[in-house]
Amino acid sequence: MKKLESEMPEAFIEDFTARAAVLADVYLALSKPEIATQVLAGLVKRDPVAHGAFLDTLDPDRWPLGRLDLCIRIPDYIRREIASPPRDVDVWVLRSPLKPDEEWRVFLIGWRNRRRGNDTSSRSGPVFRGRNGLLPMGIRTIIPDGPYQDELKAAGLLEPAFERVRDVFEVDWPTGGYVTLCLPK
């Protein structure tokens, strides 16, 4: 570790700490209910004056891209923070490992279901098992509800799991919304 620390340019450290200081200013300001209310209302109503006034209090000149840098970071921060707490959703995943003849059965069942017009759009995602989700199963193939899942389940090719999800309540930013809110008064 000593070698890496000695190789870090001092200018990089200065830039990093300066950005962290500005971010600390953003979070400190947003922790005050009256300011948080003003910023959220400004973003939702697309009020460039309210949003611009908030940006002006943060000294955006300390960021490489100035106001645009902060204008992108603040909505991203808000989007993350207004997401709901995580919740668990029951899913069915392909059993692992599958034997070669079982992989062939998955292929044939998928082929038949696609020809019938059934949803076979599986996806990969991190899943868990157990009561408290303490046993990660890793990245697995999640099978959608419907006839395709039913047929794979009947063939003994699936196992139950759950996926941890968060609902994100995003503000519907219009095209160019960042720029509109970032323009100086």
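The following conversation goes through a predicted model of one protein chain.

User: How many helices and strands does the chain have?
Analyst: The chain of this predicted model has 8 helices and 4 strands. Starting at the N terminus, the elements follow the order α-α-α-α-α-β-α-β-β-α-β-α.

User: What share of the residues is buried?
Analyst: Of the 185 residues, 32% count as buried.

User: Which residues make up the largest nonpolar core?
Analyst: That core has 10 residues in all: V26, A29, L30, V39, L43, F54, L55, L58, C71 and I74. At least two of its residues come from each of α2 (10-30), α3 (33-44), α4 (48-56) and α5 (67-81). The largest share, 3 residues, is supplied by α2.

User: What is A29 in contact with, leaving aside its neighbours within four places in sequence?
Analyst: A29 is then in contact with I35 and F54.

User: Which residues does the second core include?
Analyst: The second core is separate and has 9 residues, among them L94, L98, I143 and L152.

User: Turning to α3, which of its residues are buried?
Analyst: A36, V39, G42 and L43 are the buried residues of α3. They lie on the same side of α3, because the arc they cover around the axis is only 135 degrees. On the other side of α3, the residues P33, E34, T37 and V44 are exposed.

User: What span does α3 reach from its first C-alpha to its last?
Analyst: With 12 residues, α3 reaches 16 Å, close to the 16 Å expected at 1.5 Å a residue. Just after this helix, R46 adopts a positive phi of about 55 degrees.

User: Is the peptide bond from S96 to P97 cis or trans?
Analyst: The bond is cis, and its omega is near -5 degrees. P97 belongs to the loop between β1 (87-94) and α6 (100-115).

User: Now the salt bridges: how many does the count come to?
Analyst: The count comes to 6 salt bridges. In one of them, the side chains of E102 and R95 meet at 2.5 Å, N to O. E102 counts as buried, at 9% relative accessibility, while R95 is partly exposed, with a relative accessible area of 25%.

User: Why can such side chains pair?
Analyst: Side chains of opposite charge can do so when their charged atoms come close.

User: Which residues are linked in a network of salt bridges?
Analyst: The network links R112, R116 and E151. R112 and E151 meet through their side chains at 2.6 Å, N to O. This pair joins distant parts of the chain, with R112 in helix α6 and E151 in helix α7 (residues 147-154), 39 residues apart. E151 also forms a salt bridge with R116, where the closest N and O atoms are 3.2 Å apart. Because E151 lies in helix α7 and R116 in the loop between α6 and β2, that pair ties together parts 35 residues apart in sequence.

User: Are those three residues buried or exposed?
Analyst: R116 is exposed, with a relative accessible area of 51%. R112 counts as partly exposed at 32% relative accessibility, and E151 counts as partly exposed at 21%.

User: Finally, where is R129 found?
Analyst: R129 is found in strand β2 (residues 123-129) and is partly exposed, with a relative accessible area of 39%. R129 and E159 are 30 residues apart in sequence, and their C-alpha atoms are 9.7 Å apart in space.

Notes
Residues are numbered from 1 along each chain as its sequence is written. This is a predicted model: local features need pLDDT of at least 70, side-chain atom pairs count only at pLDDT 80 or more; totals for chains, interfaces and linings use all residues. Side-chain values use heavy atoms; hydrogens and water are left out. A nonpolar core is a set of buried Ala, Val, Leu, Ile, Met, Phe, Trp, Tyr and Cys residues joined through side-chain atoms within 4.5 Å. Buried means under 20% relative accessible area, exposed over 50%, partly exposed in between (1.4 Å probe, protein chains only). Contact means heavy atoms within 4.5 Å. The expected span of a helix is 1.5 Å times one less than its number of residues. The arc is that of the directions from the helix axis to the C-beta atoms. A salt bridge is a side-chain nitrogen of Lys or Arg within 4 Å of a carboxyl oxygen of Asp or Glu.
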